Amino acid sequence: MSLEEFPDQFRVYGAHAGHPRARELAAQVHELLFRYAAEVVAAYKLCPFLHNVDTGMGAVGIVLDVEPNVETGVAAVEDLGANVLHLVYPLHRAGSPAFERFGSKLSQELGRRLKDPLVHATFHPDLTGGTENAHRMVGLIRQAPDPFVQFIPPGLHEGGTVFAGAEVPSEGRAEATYRRLMQGPPERGPADEVLSRLEALRTARRERYSSLAEEISRQLL
């Protein structure tokens, strides 16, 4: 595993971390992750624990692996050494089911190795979601521009938050969030604003670094 450290921002891991443009890509990914946290999660109060995006996101690792690897993920978590952290996989091209399975495997392995296991949640641009009900709304608002796995201490998920919670929030909070986002006239309510922001973030990714991510992922190892 190669590692390059960028003080006070993030660290880069994975097979492609030594690419000459790895720093450029990682900086773009990091910025878009924080935009998602600020413009979607914080803006619509989807996580009661995220009061300050700059400090509340904890440690961030950008993992430049096309195929996520459990051992690399474990090493990154141990290296970051934080109880709130995010591992982002901008080179991962498979669909959300494969990434969700990876997140679960990584969490299980960490549970065997860490003295104090962390709670995980997966985010992916292709997560299944919609506005039909509260359960599908969870998947919708976890459609981050890049796949990532979030780890937090067990106590933080008890409030049933979407961003820093268990796989499905408690019914009370999920239903309350759903009702709040569905308020307003059709195509003008909060849910439609969230959809517009998510689409804007996807557009930003395509325009700013999707071609760079492809270039790095094609590097011969």
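Modeller: The largest cavity holds about 40 Å³ of space. This is a predicted model, in which local features need pLDDT of at least 70 and side-chain atom pairs count only at pLDDT 80 or more, while totals for chains, interfaces and linings use all residues. Residues are numbered from 1 along each chain as its sequence is written, and side-chain values use heavy atoms, with hydrogens and water left out.

A cavity here is a set of points, on a 1 Å grid over the protein atoms alone, where a 1.4 Å probe fits but cannot get out. Grid points are joined across faces, edges and corners, and the volume is the space filled by probe spheres set on them. The structure has one cavity of 30 Å³ or more.

The cavity is lined by V29, L32, L33, Y36, V88, A144, P145, D146 and F148, where lining means having an atom within 4 Å of a point. Sorted by class, that lining has eight nonpolar residues, no polar ones and one charged. Nonpolar covers Ala, Val, Leu, Ile, Met, Phe, Trp, Tyr, Cys and Pro; charged covers Asp, Glu, Lys and Arg; the others, Gly among them, are polar. Helix α1, residues 22-42, gives the most to the lining, with four residues. Helices are DSSP runs of H or I with at least four residues and strands are runs of E with at least two, numbered from the N terminus.

V29 is one of the lining residues and sits in helix α1. Its relative accessibility is 1%, so V29 counts as buried; buried means under 20% relative accessible area, exposed over 50%, and partly exposed in between, with a 1.4 Å probe and protein chains only. Leaving out residues up to four places away in sequence, V29 touches I62, V88, P90, D146 and Y209, a contact being heavy atoms within 4.5 Å. V29 and A213 are 184 residues apart in sequence, and their C-alpha atoms are 9.8 Å apart.

On β3, strand β2 (residues 10-13) is joined by three bridges and runs parallel, with Y13 opposite V63. Strand β4 (residues 85-88) also pairs with β3 in the parallel sense, over four bridges, and L87 of β4 is the bridge partner of G61. Two strands count as paired if DSSP finds at least two bridges between them.

F148, another lining residue, brings in strand β6, which covers residues 148-152 and pairs with β5 in the antiparallel sense over five bridges. Within that pairing, T122 has V149 of β6 as its bridge partner. β5 (residues 119-123) is mostly covered, with five of five residues buried. Both of its faces are covered: H120 and T122 on one side, V119, A121 and F123 on the other.

The largest pocket has about 280 Å³ of space. Among its 17 lining residues, the closest to its centre are H92, P125, P145, D146 and R205. A pocket is an open set of points with protein on both sides within 12 Å along at least five of seven lines. The elements giving two or more residues to the pocket lining are α7 (190-208) and α8 (210-217), and α8 gives the most, with four. By class, the pocket lining has six nonpolar, four polar and seven charged residues.

For the setting, the chain has eight helices and six strands. Of its 221 residues, 50% count as buried. Among contacts with a separation of 6 or more, 68% join residues 24 or more positions apart.
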